[in-house]
Amino acid sequence: MATLEFDEQTRPTAADMWGKFRALGGLQHLLDSAAPAVGFLLGYGIWNAKIGVLIALAVAVGIGAYRLLHGDSIKVVAISVAAVAVFSLFVGITGESRGFYLPDLLVSAAGTLAFGIAAVTRRPLSHWLCRRIGLEPAETADPAARLRLHRRVTLAWFVFWALHLVVMVPLYTANQVVILGSVALVLGKPALVVMLAATWLWVRRSLHSAQEVTPNRKVSR
């Protein structure tokens, strides 16, 4: 899969991120990922949950076939179809239409727990994750400053996941499937993409600012 990269000498901006996102076909992928969920809502609203599941799976398989014909990897397509299959499976496991959104709640709960523990223990999870993917360099001029930054980033991710639970759990409990599904379309992949982009810009800009300050300090000596 392609990754978003910026010149080390250029301060990354939201416009840069948007341009890269469009160049990688991000908008199309967002629409493709939302289509099965929309299919489920339509099927559920017009008929029932079983029809909704069948429509969601049919849409996922159809989009997967289209992607394969246009050069997408089998792995990426398989993961996309498998994700819809897992969501659909939860309808059968729970015996309820709202079960389609239970995986969303489980992921949100896991994210809230992981980033919450990291925030409380002051061991920023984002620092480790960013280093794993190469966004955060292994060595920096001021490691303490980087940890302080990532404590804030980790806290932001905790709030992000916790907000999902605050909004979606009451709707799930009240069995408001249509509203829950509509909210999930926004708080799902679109919100995650925005949060990832914001994190990328936050971390990259802080690195860029640190590189600007360090030479100035050397000169003043």
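**Entry: S88.** I began with the contacts of S88 and found that, once residues up to four places away in sequence are set aside, S88 touches V53, L57 and F100. I then looked up where S88 sits, and it is found in helix α4, which covers residues 74–94. Its relative accessible area is 7%, and because buried means under 20%, S88 counts as buried. I note here that I am working with a predicted model, and I turn to its confidence next.

**Entry: confidence.** The protein chain averages a pLDDT of 89, and 88% of the residues score at least 70. Among the elements of the chain, helix α1 (residues 14–23) has the lowest mean pLDDT, at 73, while α5 has the highest, at 98. Over residues 217–221 the pLDDT is below 50, and this stretch has zero contacts in the model beyond near neighbours in sequence. I remind myself that where pLDDT is low, the predicted coordinates should not be read in detail.

**Entry: α5 and α7.** How do helix α5 and helix α7 pack? Helix α5 (residues 102–120) and helix α7 (residues 143–173) pack at an angle of about 145 degrees, and their axes are 8 Å apart. The crossing in which α5 passes α7 is left-handed. I listed the residues that meet: from α5 they include L102, L105, V107, F115 and A119, and from α7 they include W157, F158, W161, L165 and Y172. Sorted by class, this contact of α5 with α7 has 15 nonpolar, six polar and one charged residues.

Entry: The phi of R122 is near 60 degrees, which is a positive value in a residue other than glycine. With a relative accessibility of 52%, R122 counts as exposed.

Which residues of helix α6 are buried? In α6, which runs over residues 125–133, they are S126, H127 and C130. Seen down the axis of α6, the buried residues fall within an arc of 105 degrees, so they line one face of the helix. The face turned away from that buried side carries the exposed residues W128 and R132. Just after α6 I came to G134, which takes a positive phi of about 85 degrees.

**Entry: N175.** I next checked the loop between α7 and α8 (177–187), where N175 has its place. N175 is not a glycine, yet it has a positive phi of about 60 degrees. Its relative accessibility is 42%, and N175 therefore counts as partly exposed.

**Entry: V203.** Is V203 buried or exposed? At 0% relative accessibility, V203 counts as buried. Leaving aside neighbours within four places in sequence, I found V203 in contact with C130, L135, E136, R146, L149 and H150. One of these, C130, is also among the buried residues of α6 that I had noted above. For another, L135, I looked up the spacing: the C-alpha atoms of V203 and L135 are separated by 7.6 Å, although the two residues are 68 residues apart along the chain.

Terms used
Residues numbered from 1 in each chain as written. Predicted model: local features only at pLDDT ≥ 70, side-chain atom pairs only at ≥ 80, totals over all residues. Heavy atoms only, no water. Axes fitted to C-alpha atoms, helices over the stretch in contact; angles between N-to-C directions. Helix = DSSP H or I, 4+ residues; strand = E, 2+ residues; numbered from the N terminus. Left-handed = near helix turned anticlockwise from the far one by under 90°. Contact = heavy atoms within 4.5 Å. Nonpolar A, V, L, I, M, F, W, Y, C, P; charged D, E, K, R; others polar. pLDDT = per-residue confidence, 0-100. Buried < 20%, exposed > 50% of the residue type's maximum accessible area, 1.4 Å probe, protein only. Arc of directions from axis to C-beta.
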